[in-house]
Structures are given as structure tokens and as C-alpha cells.
Amino acid sequence: MTSTFPHLLLQQAKARPDAPALREKEYGIWQTWSWQKAADDVRLMACGLTALGLRAGENLVFVSGNRPYCYLGFAAVQSLRAIPIPLYQDAVAAEMIFVMTDAQVRFAYAEDQEQVDKLLEIRESHPALEVIIYEDPRGLRHYEQPGLISIQALLEKGRAWDAQHPGVWQQELSRLDGQDTSIILYTSGTTGKPKGVCLTHEGFIVAARGGQEVDHLAPGENVVSYLPPAWAGDHLFSFAQWIVVGFTINCPEDASTVAIDMREIGPTYYFAPPRIFEGLLTSVSIRMEDAARPKQWLFERCMRLARRVGADILDGKSVGAWDRLKYRMADLLIYGPLKNVMGLSRIRVAYTAGAAIGPDLFRFFRSIGVNLKQLYGSTETSAYVCIQRDGQVELSAVGQPAPGVQVRIADSGEVMVKSAALLKEYYKRPDATAEVLDADGWFHTGDAGLIDAAGQLRIIDRAKDVGKLTSGAMFAPNYIENKLKFFPQIKEAVCFGHDRDKVCAFINIDFDAVGNWAERQSLPYAGYVDLAGKLPVLEMMRECIAQVNADLAAEEGMAGTQIARFLVLHKELDPDDDELTRTRKVRRNFVAEKYAVLIDALYTGKSEQFIETKVKFEDGRTGTVLATLKILEAKTWPAARKAA
């Protein structure tokens, strides 16, 4: 079995030279790379990089969106036994400097002028950066800084070098081993500085084959690649599984055209973190709020039917003939057009991962016939630990261990994993590696969970985030936050309660959803801060929280963790302000420190609190937002009694 990605790419090119490997939309037209062209471009890029001086063991940074040359560049760099390091495009220069210094980077790949400018700025404090390869030449005609080279010039340089050195690239490729590091993915840094996770060819290939086996993936699948290439999930689906299975990946023209491109391609295999599905549901809710009353009535009636029988039909369970007929009619009238609008009409398998998904959100998509399943893993496990099988999808579980993966629960409740897909090490951090990989090869995930009677893993929360109220009730903030984020009007939530007598919450409104509602209510507002402080908006949030509290009151052991008081933040939590990671996970400790005055106000009974908050803009400037936030009491409910 071929054990590295460049070898597998050549194998696909030999077996299926004319089959489509990649598509990219440019100026409204889809351009196609066959597997043979993909292999040829990888070879030319590798030879061009060799001519420029890239050597085995060196690192090359990619600052790019979902572009064919980015993915092909990964394989080209790997073929030289060098290592690609993708970074988030929206990362600020300071974040990039940390990685480039840590990884001693001399070479970088940039998608466009914006990223070139950022890298040139970085070079002023990181002079080791010698070569910057760029793809999109627009705006770069008069750039004459040393070390700049276009992707087309790189390919031509590679063609000339290959002709002058016949057989040399193949010799270098023959030295590549499955246990070599194939990529370094930097963690999001929720608790400190990011760490470089070194993952091997064999590890990601094992993970890719596991998914292929469970979901019977075939070369005919179509995948839309739109998530950040620096995220482990995208690397699994858009690179590892792409090369292993041999399906087609499709790169949208722009982030703003993803929805349109999804409808054009009609992907059969889809992967998105919960925030994407939350956004899709929010867009549906906004459309329905603007719809005529008869259509709203029909939609609600059909959704009641979907909630009752949709998931059972999807799982092949027994459902009455009359309900099946009604569901089929509703599919023609509502579910089908709805899936088509979201670009999900041809979906055979869809996954969500990266954070816990709210049960109501999960149930919605499955009820309308989208085969949405959960995948659990982390960067250190090649994005892959547990996977849900068809017919065994549980809303509160993340599935059984994937093929070749062992899972056990430590006495402390921590989930521990062993598989060939685990990280090789943290880059230059043997101390950090020893903290997560024990002497027996078990990886300590940091998540608290349990394995149920069906062998499915249930994640409670991050082990470090699970706490207790002073009453002794278990406090799992992420669990409560996901319930809140099911509401389309709520974009983000942060709950507090550990070592306190009650749970309190920060809420971020969804500006689009709430703004649309405000316009229909003829409620004027002058921007986010003004809208977030409007009394009708605060009352809407109170109603949402009351519904969440009702759910918690009905769950065993959760009644004591109902939200007692809350406030609506005057700004969106933002990665640029260090409140979220680039994968949009809340940095709890940072948020708690930054907004300590608001937390104190929640717990000391105040009805309002003034705050002055510094913010960063995309161009690097800083500013200040001033606001007086109202603090409200939430409606709580008595614990539901157990049935006799």
C-alpha cells in the first residue's frame, strides 16, 4: 500500500489520468484539472521550489484560501520531504510572525496582493523570509521587492530545472516515507500560544481510509472546499480523502459566492462546523419571516411533520404509510426546495465537527432529509476519533470509534485515544508532547466524556471547562451555550457559573437575523451597539433563554444550571480582539478577564453596567466602544419531576 500523499497522487494520475481532480471557478466559469494535470503541476512546482533552494526538512508557509495551487502545493512541498504549514488568511501579522519564527520559515506562498502585503510587512521583522510565491497577480505588477515570484513563473522555472536534471525529482520522492511529517497544523491556542502539531503521511492516510470505509466513499463524490486550509477538518476532507479516494474537490470563486457555487456543484459529500449549519438555519429563518402568511403556515405544518417522522425515515425505521406519503409531498413542496436553496439537494453524507452541535440544530437538518452526522476528533488525532454510522445516529453522541481507533475513559472522566493517526509530536515542544502522549501511547484529549451502552462516545464538555456550582450541580457551559445558539437570533454565548451560586451568561445577537426582525417591526437602530441595547431585543433574548431554561429544567441533573441573569454584549466577540480563536472557539479565560467588570455586575445584582472596550480593525488601527449594558433577570423553572 502506497504510504505518502505524493505517491498516491501519482497513482491516481496513472489509474484515472483524464478524470476531474480539481475544479476552480474563475470569472464565473469552472476550470478543471485532470488527475494527470494535477500530477504534472505538482512535479513542476516541486522542481521550481528546488531551483529556488527549498530543501528537505524545511518548512513552507501557505497563506491562501481554497485554491487548487494551494492543495497541489502541499503535495509538491511534501514530495521534496519539506513540510507545508497552512495559516489562516485572516490571521493578523503578529500571529503569523509567531509561527514563522517558531518554524524558521524561509519560503511562503500567498494567494493574492493582500497576503503578499502582509508577508512583506512581516519580512521587516522576520528577515529570514526570502521567497514569496504568489498566485493572483492582480495589483502586483509594479512590485519589485526581492524574492517575489508568481506561480506561473515558478512552474516555468520548474520545467526548465526538470529538463536540466532528469530523474532527480523522482530520486528525492523515493526517499519519502510514510512516517515523515506530512504537515504541521498550528493549534488555535485557546489556552496560550499555538503549538505546531506534526502529523505524518500514514496518520492522515489512515484517517482518510477510515472515513472511506464507513461511508463507502467513491471517486464519483463531489466536495466543495471552502473551509480554511489551516483547519484539520479541511485537510482531512479536501486533501487527505481527496487523494486517497480520488474524488473531485471544487474551489469556489470567492467566500461570498460559496452559496451560489454550492447550488451549481451540488456536492454529495459535505463537511462544516456547527457555525456554518447555524448560519444556514438563520438564513432559512430570515427567509421564512419575510414570506407570506400562507407559506409560513405551510412551512410550520411541514416542519412539525418532519420533526415527528423525518429522522426515522432517513434512518430506515418503520413509519406509517400515510406519514410517508405526507412526508413525500412535503419534500416536494418544502424540504426539497429548502435543501436546494442551501446547496444540499444532492448530499449523500454530511458531517459536522470542530465543536459540539446543539441537538435541536442537528435534529432540524436530519428531519428534512440531510444525512447529517457527527465526527469527533482534534488536530492531534488527524481530525478523527469517532464517527457516526448510518442508522446509528444519536443526537447526544458522536459515534463509535473510527476504524483502527481505540477509545477509553480515564478514571477522571477524560477521553483517551490510541491510533496510528495520532500526532508525531508538537514541533520543537517535547515538554508539551509528553503532557498529552503517555508512555503507553495514549493521547489525552482534554475532553470529558463517557461511553454509553451502545458503544457510542458522549462528550460532556472540555474537561477544563466542566465545573460545579456551589450547590454541587455539574456545570457544563458548552452544553448550555449550544442550546442558546440554536436560536437564529443568537450568534454566540458565554456562560459562567463555576464555584458560583448561579449561572449567568453573555449573549451576542446575530446582527443579520435581529436586524431583519427589527426592520419588520419598524424598530429603528443605528448599528450593532444600538440594536443590541434595544429593550425589545433584550426581551427577545429573555424569551430565548426562558425556553433554554425550560429544557434544562426537564433534564435530569440540569435544573440547577438554568441561566439566572444575562446581558447582551455591545460588540461581537472577534478573533481579531483575541476573544475567539481563528476557528471561532471562545477563549474563556481571556473573555473572563477582559469583561471581569461585567461578570461582577451580573453576580452583584446590578441592573446596568458601563464599559469601555478596545477593539481592533482589519487595517490594524484600534478604537474604543463605549456602552452602558442593561442586566436582566431570566425566567427559570422548577425541576421536572421524574415519572413514577
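User: Say a salt bridge is a side-chain nitrogen of Lys or Arg within 4 Å of a carboxyl oxygen of Asp or Glu. Which residues are linked in a network of them?

Analyst: K571, D577, E579 and K594 are linked that way.

User: And how many salt bridges does the structure hold?

Analyst: The count comes to 37. Keep in mind that this is a predicted model, where local features need pLDDT of at least 70 and side-chain atom pairs count only at pLDDT 80 or more, while totals for chains, interfaces and linings use all residues. Residues are numbered from 1 along each chain as its sequence is written, and side-chain values use heavy atoms, with hydrogens and water left out.

User: OK, pick one. Which residue does E111 form a salt bridge with?

Analyst: R67 is the partner of E111, and their closest N and O atoms are 3.4 Å apart. This pair links distant parts of the chain, 44 residues apart. E111 sits in the loop between β5 (107-110) and α5, and R67 in the loop between β3 (59-63) and α3. Helices (H or I, at least four residues) and strands (E, at least two) are DSSP runs, numbered from the N terminus.

User: Are E111 and R67 buried or exposed?

Analyst: Both E111 and R67 are buried. That means under 20% relative accessible area; exposed is over 50% and partly exposed is in between (1.4 Å probe, protein chains only).

User: What about D290, which side chain does it meet in a salt bridge?

Analyst: That's R520, at 3.4 Å from N to O. Here too the pair links distant parts of the chain: R520 is in helix α17 (residues 511-520) and D290 in helix α11 (residues 274-290), 230 residues apart.

User: Why does R520 count as partly exposed?

Analyst: Because its relative accessibility is 34%. D290 counts as partly exposed as well, because its value is 46%.

User: Where does D578 sit, and where is K616?

Analyst: D578 forms a salt bridge with K616, with the closest N and O atoms 3.4 Å apart. The two link distant parts of the chain, 38 residues apart: D578 is in the loop between β26 (563-568) and α20 (588-594), and K616 is in strand β27 (residues 608-616). D578 is partly exposed, with a relative accessible area of 28%, and K616 is partly exposed at 42%.

User: Switching topic. Where is L80?

Analyst: L80 is in the loop between α3 (68-79) and β4 (83-87). With a relative accessibility of 4%, L80 counts as buried.

User: Which residues does L80 touch?

Analyst: Leaving out residues up to four places away in sequence, L80 touches A46, L49, T50, L54, R55, A56, W169 and E172. Contact means heavy atoms within 4.5 Å.

User: How many residues of helix α9 are buried?

Analyst: For α9 (residues 232-245), 14 of its 14 residues are buried, so that helix is mostly covered. Just after α9, G246 takes a positive phi of about 90°.
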